[in-house]
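Biologist: I should like to learn how to read a protein model, feature by feature. May we begin with a helix?

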Amino acid sequence: NIGFPVLLKASAGGGGKGMRVVERAEDLADGIAGAKREAAAAFGDDRLLIEKYLTRPRHVEVQVFADRHGNAVHLFERDCSVQRRHQKVVEEAPAPGLDETVRTSMAKAAIDAAKAIDYVGTGTVEFIMDEDGAFYFMEMNTRLQVEHPVTEAITGEDLVAWQIRVAEGGTLPLSQDRISVSGHALEVRIYAEDPEREFLPQTGRLSRLAFPEDMDGVRIDTGVVQGDSVSVHYDPMIAKLITHGRDRAEALRRMSRALGEVRIAGLANNVPYLKRIVEHQAFIAGGVDTRFIETYREDLAAVETPESDSIPALAAAALLEAERLDVVRQARLGGDPYSPWAMAYGWRLNDNPQHRLTLLQGADEAGTYMFEQGEKQVRIGLSLHADGRLEARLDGVSIHAEAAFEGDAITVFYGGTAHRYVLKTALASGAEAGEDSGHVAAPMPGKLIAVHVAEGAEVTKGDPLMVLEAMKMEHVIRAPDDGVIAALHYGPGDQVEEGADLLLFETRIAD
């Protein structure tokens, strides 16, 4: 009766788990099956809601609070429209460009909803708002939410303290007329995920983790420290970064600067992507809806800049300089600093001193490196500090950057962006990463919950082959091309590691 598209949503859930958008009637059965599996895995309850799906809505929610004495107030609204996989990644308060009449009506509706069920404590009434300003009740979250810091920032109130007071039987600290808004606040969720691979969650060790310090209007909420690991057993959120300013423009400037000073190495993360979002002109203008990321997908993709050409050489120079300094330290400990084994500049008898690092080569005197990239040569003089700071001169131009080392990998932080490189050693496989070798590998650790093909089956490019559950989300493994399933190595219920050889695929050769 409500027509398509529709949204399937786990009745017991949140965070985008157990949700599917279904565009056509013929896709409904598969959508329900997938949503029920996710819901059961995440919440132990596979019951679903079916809702009308608005194509360009805004997600606006109102923070409410009520006590046992009949008092109920709101602490204004938050806009949480910028999402991927139906999960919020950017939140702000108050909602930009919201009509005052709509704001008042929405706040009243939220308080009425809380009073209607004699609610006690903090809660969030969530609404979907259409382009014409009409808004519809979606759900009420009966808890403190991840994005509550932006509400605390604009009101100056501690919502946890409010919760404790109400739980002890006390009255609300303030009446509605004494709650006001001061400035604007934004929050971004920093995830271990790869935006360039459809936001695929990542696992691994945080070999470097640092946040901006002593910056006005900046708050960091995190539960991990450098050296911790992100595992498959929990949500891959690393931290929340919150900024507050006198107005939205100042909050945005502070967010852009703060994101540029975040340092994460060891696994892919969304920090550069978040920075591109908050610096996008449409976002700055307040033009947000739940399809923001889809609409501006090309704009938000990583792009090469003129400076990017020199970063691989800078990374290689840092690796070589770290090696040289390590050899020098070892020589000093060995008692013979003049030993020929204490030389790390690549000297060869009757030949040019040379190191080779995957498309980059050359080294002359200690601390200075010459690289060839195609027909271009880059000369780098480098000073590497113990804390990872790099002071370099690239063809005479002064560069300040940072480096984080992790075995045969290095992450260079430069210009507010992280560039990660893995050193390809002589022992590495001759096949380049990503080459189609006929083997379909698991993109991350997880559990196979469905296998849609059998050995010998003929498939078409894009056909679903398997379903991998990881971090409470389902990831469909699809056929890379037209071909035949030559062998299956795993079945439903099997736990697999990242890179596991799931099946052998033979490409069909055209006649």
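Biologist: How many Å should the 13 residues of helix 5 span?

Modeller: Helices (H or I, at least four residues) and strands (E, at least two) are DSSP runs, numbered from the N terminus. The expected span of a helix is 1.5 Å times one less than its number of residues. Helix 5 covers residues 248–260, and at 1.5 Å a residue its 13 residues should span 18 Å; the end C-alpha atoms are 18 Å apart, which agrees. Please keep in mind that this is a predicted model, in which local features need pLDDT of at least 70 and side-chain atom pairs count only at pLDDT 80 or more, while totals for chains, interfaces and linings use all residues. Residues are numbered from 1 along each chain as its sequence is written, and side-chain values use heavy atoms, with hydrogens and water left out.

Biologist: Which residues of helix 5 are buried?

Modeller: Buried means under 20% relative accessible area, exposed over 50%, and partly exposed in between (1.4 Å probe, protein chains only). In helix 5 the buried residues are Arg248, Glu250, Ala251, Leu252, Met255, Ser256, Ala258, Leu259 and Gly260. At the start of helix 5, a side-chain oxygen of aspartate 247 comes to within 3.3 Å of the backbone nitrogen of alanine 249.

Biologist: What are the totals for helices, strands and buried residues in the protein?

Modeller: There are 10 helices and 33 strands. Of the 511 residues, 47% are buried. The accessible surface, computed by the Shrake-Rupley method with a 1.4 Å probe, comes to about 25400 Å², and 50% of that belongs to carbon and sulfur atoms.

Biologist: In what order do the 4 strands of the open sheet stand?

Modeller: Two strands pair if DSSP finds at least two bridges between them. Here the order is 26-33-31-28, with antiparallel pairing. Strand 26 (439–441) and strand 28 (458–459) stand at the edges with a single partner strand each, so one side of each is left without a neighbour in the sheet. Strand 26 pairs with strand 33 (residues 501–507) over 3 bridges in the antiparallel sense; there, alanine 441 has aspartate 501 of strand 33 as its bridge partner.

Biologist: How is strand 16 placed, and which strands pair with strand 16?

Modeller: In a regular strand the side chains alternate between the two faces of the sheet. Strand 16 (residues 237–245) is mostly covered, with 7 of its 9 residues buried. Strand 9 (residues 184–191) runs antiparallel to strand 16 and is joined to it by 8 bridges; alanine 185 stands opposite histidine 244 of strand 16. Strand 14 (residues 218–222) also pairs with strand 16 in the antiparallel sense, over 5 bridges, and threonine 222 has alanine 239 of strand 16 as its bridge partner.

Biologist: Is leucine 7 buried or exposed, and which residues is leucine 7 in contact with?

Modeller: Contact means heavy atoms within 4.5 Å. Leucine 7, in strand 1 (residues 6–10), is buried, with a relative accessible area of 7%. Leaving aside neighbours within four places in sequence, its contacts include Met19, Val21, Ile50, Tyr53 and His86. Leucine 7 and tyrosine 53 are 46 residues apart in sequence, yet 5.3 Å apart in space, C-alpha to C-alpha. For the protein as a whole, 59% of contacts between residues at least 6 apart in sequence join residues at least 24 apart.

Biologist: How many aromatic pairs are there?

Modeller: Rings of Phe, Tyr and Trp (its six-membered ring) pair if their centres lie within 6.5 Å; planes under 30 degrees apart count as stacked, over 60 as edge-to-face and the rest as tilted. By this rule the count is 5. One of them is the edge-to-face pair of phenylalanine 65 and tryptophan 162, at 5.3 Å centre to centre with 65° between the planes. Phenylalanine 65 lies in strand 4 (residues 58–66) and tryptophan 162 in helix 4 (residues 159–167), so the pair ties together parts that are 97 residues apart in sequence. Phenylalanine 65 counts as buried at 1% relative accessibility, and tryptophan 162 is buried at 3%. Ring pairs also link Phe283, Phe292 and Tyr296 into a cluster.

Methods
A polar contact is a pair of N or O atoms within 3.5 Å; within protein, one must be able to donate a hydrogen and the other to accept it, and residues adjacent in sequence count only if both atoms are side-chain atoms.
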